[in-house]
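Here are a few notes to read alongside the model.

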Amino acid sequence: MARDILRRDPQAIAVAQVVAHVAPDILMLQGVDYDHNLHGAMALRDLMSEHGIFYPHAFALPTNAGAASGIDLDGDGRTYGPRDAQGYGRFYGDGAMVLFSRWPIATEGVQDFSALLWRDLPGATLPEVDNRPFPSAMALEAQRLSSVGHWSVPVTGPDGKMLNLLTFAAGPPVFDGPEDRNGLRNADELRLVSMMMAGEIGKAPEGAFVVLGNANLDPDRGEGRQEAIRALLSDRRLQDPHAGMGPTVDWTDPIPGNLRVDYVLPSADLAVFDAGVFWPRKGTEEHATLSHKGTDASRHRLVWVDLDL
């Protein structure tokens with residue numbers, strides 16, 4: 001990724017253009033490769049700066065994506081495939097997440113739940129085949145819950161007010177068998193978010209907070225256990241300013257279609273000025289201001305919300 005950004009790959013330029021157009025104060029990006037010194041993230045930040053928006057603060061943690069386990073985690077008889085990593089990845093850091101902010105990040109207050117073992121989540125539903133652990137007891141003893149990561153990150157907003165970000169990237173509930181390993185894991189990843197809010201795991205956020213991330217799950221369509229995302233959306237501690245706004249991703253080629261899988265959910269005590277799902281469509285003024293390559297560079301759209309802190 002760092003190489004492609006430095007070469008000014010059209011997809012990277014498109015990301016920078018879209019972000020600069022919407023100009024959020026806080027930006028959480030998914031699918032961004034992680035490296036120890038954040039060289040890739042810094043290259044992307046520089047590119048976004050060239051297009052008119054600069055983020056003085058950037059943050060990322062080590063990821064489960066591509067973290068080798070040395071164990072057969074998917075039951076295919078191999079131990080070093082991309083699905084045998086703690087989270088799917090062809091290499092360590094493949095498709096992780098990074099936070100950019102115009103406001104200071106209070107790193108001393110960060111909580112990282114990425115190392116939580118799946119079996120240690122209260123009420124975890126683990127995959128079985130014929131009443132035996134799938135793919136093995138050894139695999140479930142080592143399997144972490146987070147496909148990429150679950151973080152609680154406090155940001156110091158205007159006038160010193162703190163805003164807590166509960167961010168995550170869940171694995172897709174597909175690409176498995178009748179044991180529904182990925183579907184069960186996806187649902188428990190969303191339950192972990194609820195437990196983070198409640199302080200049932202870690203310290204509950206103090207004051208206002210926002211849940212944001214890729215749930216890889218639509219509440220009504222597509223595969224997966226929709227009840228998991230419905231439970232999160234109906235949580236009284238949250239509000240859903242994007243209800244009824246339509247899909248956030250284009251997966252029409254070939255299936256399953258346009259779905260809502262990306263979410264920004266402010267806590268109920270926050271005042272929402274406006275919200276939207278941005279992607280420049282052909283024939284619109286926004287499309288005219290962005291490159292044509294930019295309009296086709298990602299399947300995911302930018303989900304945004306304006307808050308009064």
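1. First, a term. A helix axis here is a line fitted to the C-alpha atoms over the stretch in contact, and angles run from 0 to 180 degrees between N-to-C directions. Keep in mind that this is a predicted model.

2. How do the axes of helix α5 and helix α6 cross? Helix α5 covers residues 181-198 and helix α6 covers residues 226-233. Their axes come within 8 Å and cross at roughly 20°. Angles under 35 degrees count as roughly parallel, so α5 is roughly parallel to α6. The crossing of α5 past α6 is left-handed.

3. Which residues make the contact? From α5 come Ala187, Leu190, Val193, Ser194 and Met197. They meet Ala228, Ile229 and Leu232 of α6. By class, this contact has seven nonpolar residues, one polar and no charged.

4. Ser194 deserves a separate look. Ser194 sits in helix α5. Is Ser194 buried or exposed? Its relative accessible area is 19%; buried means under 20%, so Ser194 is buried. Leaving out residues up to four places away in sequence, Ser194 touches Leu232, Asp235 and Arg237.

5. Now the cores. In soluble globular proteins, nonpolar side chains tend to be buried together. The largest nonpolar core here has 49 residues. Met48, Leu99, Phe100, Trp151 and Leu165 touch the most other members. Apart from this core lies another, of 28 residues, including Trp118, Leu121, Met195 and Ala215.

6. Not counting residues up to four places away in sequence, Phe100 touches residues including Ile26, Leu27, Leu29, Leu44 and Met48. Asp25, Arg45 and His57 are also among its contacts.

Methods. Residues are numbered from 1 along each chain as its sequence is written. This is a predicted model: local features need pLDDT of at least 70, side-chain atom pairs count only at pLDDT 80 or more; totals for chains, interfaces and linings use all residues. Side-chain values use heavy atoms; hydrogens and water are left out. A nonpolar core is a set of buried Ala, Val, Leu, Ile, Met, Phe, Trp, Tyr and Cys residues joined through side-chain atoms within 4.5 Å. Buried means under 20% relative accessible area, exposed over 50%, partly exposed in between (1.4 Å probe, protein chains only). Contact means heavy atoms within 4.5 Å. Helices (H or I, at least four residues) and strands (E, at least two) are DSSP runs, numbered from the N terminus. Angles under 35 degrees count as roughly parallel, over 145 as roughly antiparallel, 65 to 115 as roughly perpendicular and the rest as oblique. A crossing is left-handed if the near helix is turned anticlockwise from the far one by less than a right angle, and right-handed if clockwise. Ala, Val, Leu, Ile, Met, Phe, Trp, Tyr, Cys and Pro count as nonpolar, Asp, Glu, Lys and Arg as charged, and the others, Gly among them, as polar.
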